[in-house]
Amino acid sequence: MDVFEAIEGRRSVRKFKLKTVEREFTEKLLTAACWAPSGGNIQPWKFIVVEDRTTLEMVRKISPGYFGQTPLAILVCSDKMRAHRVGGTMGRDYLSIADCAMATENIVLAACALGLGTCIVKSFSHAAMKEILEIPEGVEPELLVVVGYTDASPAPPRRIPLKENTYLNKFGQSFQPAGA
Amino acid sequence: MTKARNTGNEYLFELALFLATSARNCIDEPPLYGPFRLLDAISRLAALPEHAEGLDEDPFLKEVKAFVDEKKFLVTTDVEGFTRAADELVERFAKELKRRSAENRSNE
(Lines give C-alpha, C1' and ligand atoms only; values in the text may rest on other atoms or scores of the structure.)
Protein backbone atom coordinates (compact mmCIF):
# COMPACT_ATOMS: atom_id res chain seq x y z
CA MET A 1 0.00 0.00 0.00
CA ASP A 2 1.24 3.46 -0.92
CA VAL A 3 2.01 5.65 2.11
CA PHE A 4 -0.55 8.24 0.99
CA GLU A 5 -3.23 5.55 0.75
CA ALA A 6 -2.47 4.55 4.34
CA ILE A 7 -2.51 8.16 5.53
CA GLU A 8 -5.84 8.93 3.88
CA GLY A 9 -7.38 5.50 4.46
CA ARG A 10 -6.68 5.18 8.18
CA ARG A 11 -9.73 5.60 10.41
CA SER A 12 -10.38 5.45 14.13
CA VAL A 13 -12.05 2.05 14.21
CA ARG A 14 -14.44 1.21 17.04
CA LYS A 15 -15.90 -2.08 15.85
CA PHE A 16 -13.66 -5.08 15.33
CA LYS A 17 -13.94 -8.70 14.25
CA LEU A 18 -13.14 -11.46 16.72
CA LYS A 19 -9.98 -12.53 14.95
CA THR A 20 -6.50 -12.82 16.41
CA VAL A 21 -3.76 -10.55 15.11
CA GLU A 22 -0.81 -12.60 13.93
CA ARG A 23 2.31 -12.19 16.08
CA GLU A 24 4.31 -11.47 12.93
CA PHE A 25 2.07 -8.45 12.29
CA THR A 26 2.43 -7.26 15.87
CA GLU A 27 6.21 -7.34 15.49
CA LYS A 28 5.96 -5.36 12.25
CA LEU A 29 3.93 -2.68 14.02
CA LEU A 30 6.51 -2.40 16.77
CA THR A 31 9.40 -2.29 14.32
CA ALA A 32 7.62 0.51 12.46
CA ALA A 33 7.18 2.35 15.76
CA CYS A 34 10.89 2.09 16.51
CA TRP A 35 11.71 3.72 13.17
CA ALA A 36 9.82 6.88 14.09
CA PRO A 37 11.77 10.13 14.17
CA SER A 38 13.17 10.90 17.59
CA GLY A 39 14.49 14.23 18.82
CA GLY A 40 18.15 13.80 19.71
CA ASN A 41 17.64 10.11 18.94
CA ILE A 42 16.46 9.69 22.53
CA GLN A 43 14.01 6.93 21.58
CA PRO A 44 12.16 7.39 24.86
CA TRP A 45 9.47 4.87 24.02
CA LYS A 46 8.60 1.68 25.83
CA PHE A 47 5.85 -0.54 24.47
CA ILE A 48 3.61 -2.91 26.36
CA VAL A 49 1.91 -5.43 24.10
CA VAL A 50 -1.30 -6.60 25.71
CA GLU A 51 -2.77 -9.76 24.24
CA ASP A 52 -3.64 -11.75 27.36
CA ARG A 53 -7.44 -11.77 27.37
CA THR A 54 -7.91 -11.07 31.08
CA THR A 55 -5.42 -8.23 31.09
CA LEU A 56 -6.90 -6.80 27.91
CA GLU A 57 -10.35 -6.81 29.55
CA MET A 58 -9.00 -4.93 32.55
CA VAL A 59 -7.36 -2.37 30.26
CA ARG A 60 -10.65 -1.94 28.39
CA LYS A 61 -12.60 -1.47 31.59
CA ILE A 62 -10.38 1.34 32.85
CA SER A 63 -10.41 3.10 29.46
CA PRO A 64 -13.63 5.00 28.70
CA GLY A 65 -12.27 5.73 25.22
CA TYR A 66 -11.74 2.06 24.33
CA PHE A 67 -14.67 0.93 22.21
CA GLY A 68 -15.28 -2.52 20.84
CA GLN A 69 -13.32 -5.61 21.74
CA THR A 70 -9.92 -6.20 20.24
CA PRO A 71 -7.46 -9.08 20.44
CA LEU A 72 -4.55 -6.70 20.90
CA ALA A 73 -3.60 -3.37 22.41
CA ILE A 74 -0.24 -1.66 22.46
CA LEU A 75 0.47 0.85 25.19
CA VAL A 76 3.04 3.42 24.15
CA CYS A 77 4.88 4.75 27.20
CA SER A 78 7.57 7.36 27.61
CA ASP A 79 10.63 6.65 29.68
CA LYS A 80 11.02 10.02 31.40
CA MET A 81 14.27 9.09 33.13
CA ARG A 82 15.94 8.20 29.85
CA ALA A 83 14.46 11.24 28.12
CA HIS A 84 15.84 13.50 30.85
CA ARG A 85 19.22 11.82 30.94
CA VAL A 86 19.72 12.06 27.17
CA GLY A 87 17.62 15.09 26.27
CA GLY A 88 17.52 17.26 29.36
CA THR A 89 14.38 19.12 30.39
CA MET A 90 13.19 19.48 26.81
CA GLY A 91 13.69 15.77 26.29
CA ARG A 92 11.69 14.90 29.39
CA ASP A 93 8.87 17.43 29.06
CA TYR A 94 8.38 17.76 25.32
CA LEU A 95 10.38 15.43 23.08
CA SER A 96 9.35 12.31 24.97
CA ILE A 97 5.70 13.00 24.22
CA ALA A 98 6.29 14.11 20.63
CA ASP A 99 8.41 11.03 19.94
CA CYS A 100 5.78 8.69 21.39
CA ALA A 101 3.15 10.39 19.25
CA MET A 102 5.26 9.85 16.13
CA ALA A 103 5.87 6.21 17.06
CA THR A 104 2.13 5.80 17.53
CA GLU A 105 1.45 7.27 14.10
CA ASN A 106 3.86 4.75 12.60
CA ILE A 107 1.96 1.95 14.33
CA VAL A 108 -1.42 2.99 12.98
CA LEU A 109 -0.13 3.59 9.44
CA ALA A 110 1.69 0.26 9.39
CA ALA A 111 -1.47 -1.41 10.71
CA CYS A 112 -3.47 0.17 7.90
CA ALA A 113 -0.97 -1.17 5.36
CA LEU A 114 -1.33 -4.64 6.89
CA GLY A 115 -5.12 -4.51 6.66
CA LEU A 116 -5.63 -3.95 10.38
CA GLY A 117 -7.85 -1.38 12.06
CA THR A 118 -6.73 0.73 14.99
CA CYS A 119 -7.90 3.42 17.33
CA ILE A 120 -5.60 5.65 19.35
CA VAL A 121 -6.95 6.06 22.86
CA LYS A 122 -5.89 8.70 25.34
CA SER A 123 -9.04 8.39 27.45
CA PHE A 124 -7.80 5.83 29.94
CA SER A 125 -7.15 6.08 33.63
CA HIS A 126 -3.49 6.87 33.98
CA ALA A 127 -3.32 5.68 37.58
CA ALA A 128 -5.26 2.47 36.92
CA MET A 129 -3.16 1.69 33.85
CA LYS A 130 0.03 1.99 35.90
CA GLU A 131 -1.40 -0.31 38.55
CA ILE A 132 -2.73 -2.98 36.18
CA LEU A 133 0.31 -3.17 33.92
CA GLU A 134 2.78 -2.67 36.79
CA ILE A 135 4.47 0.29 35.16
CA PRO A 136 7.35 1.61 37.27
CA GLU A 137 8.00 5.17 38.43
CA GLY A 138 9.56 7.31 35.72
CA VAL A 139 7.69 5.56 32.93
CA GLU A 140 4.44 7.20 31.84
CA PRO A 141 1.64 5.74 29.74
CA GLU A 142 1.07 8.10 26.83
CA LEU A 143 -1.18 6.49 24.21
CA LEU A 144 -3.00 3.22 23.89
CA VAL A 145 -3.41 1.76 20.41
CA VAL A 146 -6.16 -0.83 20.14
CA VAL A 147 -5.65 -3.15 17.20
CA GLY A 148 -7.78 -5.69 15.39
CA TYR A 149 -9.45 -6.57 12.14
CA THR A 150 -11.96 -3.91 11.18
CA ASP A 151 -15.64 -4.86 11.27
CA ALA A 152 -17.04 -1.42 10.49
CA SER A 153 -15.04 1.54 9.28
CA PRO A 154 -16.40 5.02 9.93
CA ALA A 155 -16.81 7.59 7.17
CA PRO A 156 -13.91 10.00 6.78
CA PRO A 157 -14.31 13.03 9.03
CA ARG A 158 -14.09 16.54 7.61
CA ARG A 159 -10.60 17.95 7.46
CA ILE A 160 -9.85 21.66 7.54
CA PRO A 161 -8.73 22.57 4.01
CA LEU A 162 -5.15 23.74 3.44
CA LYS A 163 -6.25 27.24 2.50
CA GLU A 164 -7.63 27.66 6.04
CA ASN A 165 -4.62 26.49 8.02
CA THR A 166 -1.58 26.97 5.81
CA TYR A 167 0.31 30.16 5.02
CA LEU A 168 3.01 30.99 2.53
CA ASN A 169 6.28 32.51 3.70
CA LYS A 170 4.72 34.29 6.68
CA PHE A 171 1.79 33.76 9.01
CA GLY A 172 -1.46 35.05 7.58
CA GLN A 173 -0.32 35.16 3.96
CA SER A 174 -2.57 33.02 1.81
CA PHE A 175 -1.29 29.68 0.55
CA GLN A 176 -3.15 28.62 -2.56
CA PRO A 177 -3.00 24.90 -3.32
CA ALA A 178 -2.52 24.19 -7.03
CA GLY A 179 -5.89 22.44 -7.27
CA ALA A 180 -7.83 25.27 -5.59
CA MET B 1 -28.73 -18.72 38.68
CA THR B 2 -25.63 -17.80 40.63
CA LYS B 3 -23.80 -17.23 37.40
CA ALA B 4 -26.44 -14.77 36.19
CA ARG B 5 -26.24 -12.86 39.47
CA ASN B 6 -22.46 -12.74 39.23
CA THR B 7 -22.71 -11.49 35.68
CA GLY B 8 -25.06 -8.74 36.83
CA ASN B 9 -22.73 -7.82 39.66
CA GLU B 10 -19.74 -7.81 37.35
CA TYR B 11 -21.57 -5.60 34.89
CA LEU B 12 -22.55 -3.23 37.68
CA PHE B 13 -18.93 -3.08 38.82
CA GLU B 14 -17.79 -2.40 35.27
CA LEU B 15 -20.34 0.39 34.95
CA ALA B 16 -19.23 1.96 38.22
CA LEU B 17 -15.61 1.69 37.10
CA PHE B 18 -16.51 3.38 33.81
CA LEU B 19 -18.09 6.25 35.73
CA ALA B 20 -15.13 6.54 38.10
CA THR B 21 -12.51 6.65 35.33
CA SER B 22 -14.69 8.99 33.27
CA ALA B 23 -15.12 11.35 36.23
CA ARG B 24 -11.37 11.61 36.69
CA ASN B 25 -10.64 11.97 33.00
CA CYS B 26 -13.30 14.65 32.52
CA ILE B 27 -11.19 16.99 34.66
CA ASP B 28 -8.56 17.14 31.90
CA GLU B 29 -10.39 16.11 28.74
CA PRO B 30 -12.12 18.33 26.17
CA PRO B 31 -15.33 19.75 27.73
CA LEU B 32 -17.61 17.95 25.29
CA TYR B 33 -16.30 14.60 26.46
CA GLY B 34 -18.38 15.09 29.63
CA PRO B 35 -21.72 14.91 27.79
CA PHE B 36 -20.26 12.20 25.56
CA ARG B 37 -19.42 10.01 28.56
CA LEU B 38 -22.85 10.60 30.08
CA LEU B 39 -24.54 9.53 26.85
CA ASP B 40 -22.30 6.49 26.70
CA ALA B 41 -23.23 5.75 30.32
CA ILE B 42 -26.93 5.80 29.32
CA SER B 43 -26.15 3.27 26.60
CA ARG B 44 -24.33 1.02 29.05
CA LEU B 45 -27.03 1.44 31.69
CA ALA B 46 -29.73 0.55 29.18
CA ALA B 47 -27.94 -2.77 28.60
CA LEU B 48 -28.17 -3.73 32.27
CA PRO B 49 -31.22 -6.04 31.84
CA GLU B 50 -29.10 -8.17 29.46
CA HIS B 51 -26.76 -8.89 32.35
CA ALA B 52 -28.76 -8.66 35.56
CA GLU B 53 -31.39 -11.09 36.65
CA GLY B 54 -34.76 -9.66 37.72
CA LEU B 55 -34.72 -6.67 35.40
CA ASP B 56 -37.13 -6.65 32.48
CA GLU B 57 -36.01 -5.41 29.12
CA ASP B 58 -37.34 -1.89 28.66
CA PRO B 59 -38.34 -1.26 25.02
CA PHE B 60 -37.96 2.50 25.41
CA LEU B 61 -34.45 2.20 26.87
CA LYS B 62 -33.57 -0.31 24.17
CA GLU B 63 -34.50 2.27 21.55
CA VAL B 64 -32.60 4.93 23.45
CA LYS B 65 -29.50 2.73 23.48
CA ALA B 66 -29.67 2.23 19.72
CA PHE B 67 -30.15 5.97 19.19
CA VAL B 68 -27.26 6.90 21.48
CA ASP B 69 -24.92 4.33 19.94
CA GLU B 70 -25.72 5.67 16.50
CA LYS B 71 -25.19 9.33 17.43
CA LYS B 72 -22.60 9.51 20.21
CA PHE B 73 -19.50 9.59 18.00
CA LEU B 74 -20.77 12.74 16.31
CA VAL B 75 -18.96 14.44 19.18
CA THR B 76 -15.71 14.11 17.22
CA THR B 77 -17.00 15.03 13.77
CA ASP B 78 -20.16 17.14 14.04
CA VAL B 79 -20.71 19.06 17.26
CA GLU B 80 -23.99 20.58 16.05
CA GLY B 81 -25.30 17.15 15.12
CA PHE B 82 -24.19 15.83 18.50
CA THR B 83 -26.03 18.67 20.25
CA ARG B 84 -29.17 18.06 18.19
CA ALA B 85 -29.02 14.38 19.10
CA ALA B 86 -28.71 15.25 22.82
CA ASP B 87 -31.71 17.57 22.47
CA GLU B 88 -33.71 14.90 20.70
CA LEU B 89 -32.81 12.38 23.37
CA VAL B 90 -34.14 14.62 26.13
CA GLU B 91 -37.33 15.25 24.12
CA ARG B 92 -37.80 11.50 23.75
CA PHE B 93 -37.36 11.06 27.49
CA ALA B 94 -39.81 13.89 28.24
CA LYS B 95 -42.48 12.31 26.02
CA GLU B 96 -41.87 8.94 27.61
CA LEU B 97 -42.06 10.49 31.08
CA LYS B 98 -45.45 12.01 30.22
CA ARG B 99 -46.66 8.71 28.82
CA ARG B 100 -45.56 6.77 31.91
CA SER B 101 -47.02 9.37 34.27
CA ALA B 102 -50.36 9.22 32.50
CA GLU B 103 -50.26 5.43 32.62
CA ASN B 104 -49.49 5.46 36.34
CA ARG B 105 -52.32 7.93 37.00
CA SER B 106 -54.81 5.80 35.13
CA ASN B 107 -53.71 2.75 37.13
CA GLU B 108 -54.28 4.51 40.48
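How are α4(B) and α6(B) oriented relative to each other, roughly parallel or roughly antiparallel?

Modeller: Happy to! This is a predicted model, in which local features need pLDDT of at least 70 and side-chain atom pairs count only at pLDDT 80 or more, while totals for chains, interfaces and linings use all residues. Residues are numbered from 1 along each chain as its sequence is written, and chains are lettered from A and ligands numbered from 1 in the order in which they are written.

Helix α4 of chain B covers residues 59–71, and α6 of chain B covers residues 79–107; helices here are DSSP runs (H or I, at least four residues), numbered from the N terminus. Their axes lie 10 Å apart at an angle of about 175°, the axes being lines fitted to C-alpha atoms over the stretch in contact and the angle running from 0 to 180 degrees between N-to-C directions. The two helices are therefore roughly antiparallel, a label for angles over 145 degrees.

From α4(B), the contact uses B:F60, B:V64, B:F67, B:V68 and B:K71; from α6(B), it uses B:F82, B:A85, B:L89, B:R92 and B:E96. Contact means C-beta atoms, placed from the backbone, within 7 Å. By class, that makes seven nonpolar, no polar and three charged residues (Ala, Val, Leu, Ile, Met, Phe, Trp, Tyr, Cys and Pro are nonpolar, Asp, Glu, Lys and Arg charged, and the others, Gly among them, polar).

B:E88 is also found in α6(B). B:E88 counts as exposed because it has 12 C-beta neighbours inside 10 Å, and exposed means 12 or fewer other C-beta atoms within 10 Å, with C-beta atoms placed from the backbone. Its C-alpha atom is separated by 31 Å from that of B:E10, 78 residues apart along the chain.

Note on methods. Buried ≥ 20, exposed ≤ 12 C-beta atoms within 10 Å, placed from the backbone. Parallel < 35°, antiparallel > 145°, perpendicular 65-115°, else oblique. Contact = placed C-beta atoms within 7 Å.
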